[in-house]
Amino acid sequence: LQAVKLTSSRTQLPYEYYSLPFCQPTKITYKAENLGEVLRGDRIVNTPFQVSMNMEKKCEVLCNFPNKPVVLTVEQSKLIAERIREDYYVHLIADNLPVATRLEFYSNREEEEKKKEKDVQFEHGYRLGFMDGNKFYLHNHLSFILYYHREDVEENQEPTYRVVRFEVIPQSIKLEDLKADEKSMCTLPEATGSAPQEIDPSKENQLLFTYSVHWEESDIKWASRWDTYLTMSDVQIHWFSIINSVVVVFFLSGILSMIIIRTLRKDIANYNKEDDIEDTMEESGWKLVHGDVFRPPQYPMILSSLLGSGIQLFCMILIVIFVAMLGMLSPSSRGALMTTACFLFMFMGVFGGFFAGRLYRTLKGHRWKKGAFCTATLYPGVVFGICFVLNCFIWGKHSSGAVAFSVWVLMQWVTGGLVWPVTSVSRGGEPSAPLVYLGYYFGFRKQPYDNPVRTNQIPRQIPEQRWYMNKFVGILMAGILPFGAMFIELFFIFSAIWENQFYYLFGFLFLVFIILVVSCSQISIVMVYFQLCAEDYRWWWRTFLVSGGSAFYVLIYAIFYFVNKLDIVEFIPSLLYFGYTALMVLSFWLLTGTIGFYAAYMFVRKIYAAVKID
């Protein structure tokens with residue numbers, strides 16, 4: 001048995017197992033971990049529990065002095081009492097399976113059915129202890145129940161056993177009630193007559209740590225042993241929400257497409273009529289701004305840099321969800337998802353740089369080296385800065401979630417050596433070409449996007465706009481549809497991040513991601529069409545901002561989730577929550593803004609290419 005960490009959804013600060021005075025083995029060895037495990041705060045370490053395959057243990061003392069109980073100092077007692085008050089869970093693993101606590105309860109069925117059937121759910125890890133009034137009680141006896149599956153073998157061979165489930169029943173038993181002998185064996189009291197082990201934070205406490213092991217045969221095959229852990233949430237809600245989202249989105253998409261296509265056909269037919277009719281009919285609508293619609297916006301370098309980061313995020317998220325959907329990033333390989341995401345973001349810098357460079361050239365930009373530097377540092381720099389500040393607070397709390405300085409250097413090398421610009425100058429006088437630079441260089445050298453109409457020398461005056469053409473109103477209107485399509489999925493993702501649940505429904509997530517891309521693109525096209533009809537040609541920045549409108553709703557939902565679902569009261573956990581939420585909202589805005597921008601850009605080029613302009 002190995003220990004992973006202690007976690008609490010109230011503090012969001014993981015701690016390593018031996019941060020509390022548990023029994024220690026003679027030599028403590030930590031497992032080598034991948035980047036994802038380090039960032040999650042996992043510190044997998046050996047424990048003194050002795051468990052042998054299919055061998056029962058009634059009750060055994062964990063520390064080797066049965067006659068000498070463990071004495072907790074006042075400081076240790078205070079620390080344990082504080083962790084119990086903060087609702088900490090202990091996470092152990094056996095054969096890479098996490099320990100779970102079985103919860104049985106009656107569902108709201110008819111009275112007769114109630115008597116027959118209980119609903120069973122599993123909770124990750126086990127509670128460190130519990131409170132009764134102002135008193136603290138520690139779970140000092142663990143009853144492990146390990147389920148094994150007997151593999152089919154040939155007649156003369158010994159049977160092969162596989163561990164397929166790992167449960168624990170934690171108990172709190174007073175020192176006087178645990179009768180231990182010289183051989184480290186102990187006898188458990190009757191369930192009714194025993195008193196729990198109290199931890200008084202104002203004085204020294206004496207107790208024994210004990211455990212028992214029970215084996216049961218199971219029909220669960222080794223391949224499906226994770227199913228127990230992954231069927232913890234109601235799947236019906238999921239299916240209902242997905243079908244609901246698909247129906248709503250495709251219904252709205254159909255209506256929007258029909259309106260836009262019919263209106264556009266009418267517009268283009270009118271604009272392309274014979275000259276004599278055109279002379280009598282005064283130009284109006286989007287054709288009027290054809291000489292200004294491709295006028296480069298303000299701050300083209302920042303716009304292209306943000307869109308480059310958006311492309312980088314889009315490619316990374318698409319590949320991660322697709323690979324996870326195929327089952328290659330299962331929860332059994334801890335930290336694999338985060339490690340894959342980090343490295344993919346790094347390698348997708350080539351695509352981000354390429355798109356940013358090409359767009360920057362299209363917008364008449366000339367300083368490509370500065371543009372590449374901006375693309376490589378703007379979004380990663382913000383992420384790095386926020387994470388570093390939050391990490392300092394986690395360091396201050398001595399949590400295992402704090403990333404060590406050596407790992408920061410490694411991350412800096414991973415993102416710095418290959419993604420961030422390296423300013424060393426090679427013999428040719430060019431900066432050495434990391435991935436973003438490489439992509440940017442080729443993107444900038446490529447032919448710029450071909451705009452179908454020429455831009456006039458003198459900018460056209462923009463008429464006064466109606467109130468509903470305001471940017472903020474646009475953000476509110478454009479964000480509803482994409483957010484409505486994905487908010488149920490968002491609840492499950494938030495639960496996975498903040499309440500230590502497993503997230504595994506990547507098939508659903510892939511579907512939701514496709515719906516998000518479709519709805520963002522269509523909303524963006526509709527918004528840019530209305531804007532051009534109102535003779536406002538400043539669409540570049542506005543489309544990017546408005547398409548990311550659903551990020552505003554994600555922020556509102558995150559605040560709602562914090563107030564209603566989480567029991568966080570302290571300053572640092574709240575800071576962590578809102579810090580990481582800010583990063584999620586920023587990334588989501590870049591992602592949806594980029595999707596909307598490219599859809600709108602393609603649309604604008606298409607409609608102006610279809611109109612005959614003198």
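A cavity, in the sense used here, is a set of grid points where a 1.4 Å probe fits but cannot get out, and its lining residues are those with an atom within 4 Å of such a point. The model on screen is a predicted one.

To see what surrounds the second largest cavity, select Tyr17, Phe22, Phe49, Leu62, Tyr126, His139, Asn140, Leu142, Phe209 and Thr210, which line it. Coloured by residue class, this lining divides into 7 nonpolar and 3 polar residues, with no charged ones.

Next, select helix α7, residues 300-325, together with helix α10, residues 368-396, whose axes come within 8 Å and cross at roughly 55 degrees. That angle makes α7 oblique to α10, and the crossing is right-handed. Showing side chains here brings up Met301, Ile302, Ser305, Leu306, Gly308, Ser309 and Leu313 of α7, which meet Lys370, Gly371, Cys374, Thr375, Leu378 and Tyr379 of α10. The residues of this contact comprise 7 nonpolar, 5 polar and 1 charged.

On the α7 side the contact is made by Gln312, Leu313, Met316, Ile319, Val320 and Ala324, and on the α8 side by Leu337, Thr340, Ala341, Leu344 and Phe345. Of the residues in the contact between α7 and α8, 9 are nonpolar and 2 polar, while none is charged.

Notes. Residues numbered from 1 in each chain as written. Predicted model: local features only at pLDDT ≥ 70, side-chain atom pairs only at ≥ 80, totals over all residues. Heavy atoms only, no water. Axes fitted to C-alpha atoms, helices over the stretch in contact; angles between N-to-C directions. Helix = DSSP H or I, 4+ residues; strand = E, 2+ residues; numbered from the N terminus. Parallel < 35°, antiparallel > 145°, perpendicular 65-115°, else oblique. Left-handed = near helix turned anticlockwise from the far one by under 90°. Contact = heavy atoms within 4.5 Å. Nonpolar A, V, L, I, M, F, W, Y, C, P; charged D, E, K, R; others polar. 1 Å grid on protein atoms, 1.4 Å probe; cavity = no way out; pocket = protein on both sides within 12 Å on 5 of 7 lines; lining within 4 Å.
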